[in-house]
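Hi,

Here is the structure I promised to pass on. Have a look at it first, and my notes follow below.

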Amino acid sequence: MISWGWRGQICWCGKHVFRNISGQKTLSLHSLWRCCHQRTSGSCLDPEIRRFLEENTEITNSGNLTPEIRLRLLTPHCRFWKEKAALWPYKDPYWAIYWPGGQGLSRYLLDNPSIVQTKKVLDLGSGCGATAIAAALSGAAEVVANDIDPIAGAALTLNCELNNLDPFAFLTDNLIGSDLGSWDVIVLGDMFYSEELANGLHRWLKKHICTHGTQVLIGDPGRHHFVSHQIQSQLHKVTEYPLPELDQQENNGSTNTVIWNYQP
């Protein structure tokens with residue numbers, strides 16, 4: 001059942017898992033951009049998926065840290081908030097929750113647009129795409145959103161429409177361990193939800209920073225696999241934001257979401 005309890009449980013037990021994180025892949029960045037744009041063109045969005053998402057999500061910009069951004073999310077007014085989860089025809093809709101780390105990152109980019117202005121930005125594990133949207137609204141030259149759930153890409157297309165943006169490049173491949181060339185900025189929120197994934201992220205992000213000088217910003221409300229990981233010794237705290245009261249209840253009482261700059 002998708003409910004307040006469901007939200008709280010998955011917030012700490014983990015979202016969808018990025019598998020094969022140690023596998024090395026090499027993709028042409030040019031091919032990636034071309035392929036991604038083809039996949040997420042608004043005119044190519046499957047009409048049935050569009051209709052399903054429009055009927056089973058609610059447009060909202062309240063109760064979170066970024067009222068400037070409108071999103072389609074699961075709310076108590078939606079059928080699947082209480083409906084049996086088994087009736088949802090796609091992967092678990094983790095993209096339909098605006099996670100605390102993503103909220104903090106989005107707020108930070110909106111407040112500090114110089115971080116991404118004229119730069120190439122990768123939003124890793126983008127979910128609803130709010131941080132990618134924040135990057136675009138803040139003047140990023142190019143934005144790629146990445147999530148292994150293709151329905152997240154469809155939702156992102158709808159969310160771009162809500163915010164008067166052209167759909168972003170979107171990739172469903174697991175990028176961790178891949179070689180995609182250089183990025184100016186990589187942002188990721190709420191991604192450290194297992195030890196294996198935390199280790200893979202640590203290695204991959206460090207490689208990008210050391211090879212390309214990429215700036216890496218991480219948003220997290222204090223999950224166990226993040227605060228207990230060795231990456232902590234290489235993080236610089238940038239800022240923190242108090243979570244809305246409802247998010248505090250759903251995140252085991254965490255009161256803040258923190259933005260970190262990874263500096264190995």
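In which sense do strands β4 and β5 pair, and over how many bridges? They pair in the parallel sense, over five bridges. Strand β4 covers residues 120–124, and β5 covers residues 142–146. (Helices, H or I with at least four residues, and strands, E with at least two, are DSSP runs numbered from the N terminus; two strands pair if DSSP finds at least two bridges between them.)

Before going further, some ground rules. This is a predicted model, where local features need pLDDT of at least 70, side-chain atom pairs count only at pLDDT 80 or more, and totals for chains, interfaces and linings use all residues. Residues are numbered from 1 along each chain as its sequence is written, and side-chain values use heavy atoms, with hydrogens and water left out.

Back to β5. Opposite Ala 145 in this strand you'll find Asp 123. To get from β4 to β5 the chain passes through helix α5 (residues 130–137), and this β-α-β crossover is right-handed. (That is, with the strands pointing away from the viewer, the path from the first strand over the helix to the second runs clockwise.) Four of the five residues of β5 are buried, meaning under 20% relative accessible area; over 50% is exposed and in between is partly exposed (1.4 Å probe, protein chains only).

β5 also runs parallel to β6 (residues 169–171), joined to it by three bridges. Val 144 stands opposite Ala 169 there. With helix α6 (residues 150–162) included, β5 and β6 make a right-handed β-α-β unit.

How does α6 itself look? Eleven of its 13 residues are buried, so the helix is largely enclosed by the rest of the structure. Among the buried ones are Ile 151, Leu 156 and Cys 160. At the start of α6, a side-chain oxygen of Asp 149 comes within 3.0 Å of the backbone nitrogen of Ile 151. After the helix comes Asn 164, with a positive phi near 60°.

Now the whole sheet: it is open, with seven strands in the order β6-β5-β4-β8-β9-β11-β10 and mixed pairing. β6 and β10 (235–242) are at the edges with a single partner strand each, so one side of each has no neighbour in the sheet. Further along, β9 (residues 215–220) and β11 (residues 256–262) run antiparallel and are joined by four bridges. Asp 220 has Val 258 in β11 as its bridge partner.

Last, the aromatics. Rings of Phe, Tyr and Trp (its six-membered ring) pair if their centres lie within 6.5 Å; planes under 30 degrees apart count as stacked, over 60 as edge-to-face and the rest as tilted. The count comes to seven aromatic pairs. In one of them, the ring centres of Phe 52 and Trp 88 are 5.1 Å apart with planes at 75°, so this pair is edge-to-face. Phe 52 lies in helix α3 (residues 47–56) and Trp 88 in the loop between β3 (71–73) and α4 (100–111), so the pair ties together parts 36 residues apart in sequence. Both residues, Phe 52 and Trp 88, are buried. Trp 88 also pairs with Trp 95, and that pair is tilted, at 6.4 Å centre to centre and 50° between the planes. Trp 95 is buried too, with a relative accessible area of 2%. Phe 52, Phe 80, Trp 88, Tyr 90 and Trp 95 form one aromatic cluster.

Cheers

Key: A polar contact is a pair of N or O atoms within 3.5 Å; within protein, one must be able to donate a hydrogen and the other to accept it, and residues adjacent in sequence count only if both atoms are side-chain atoms.
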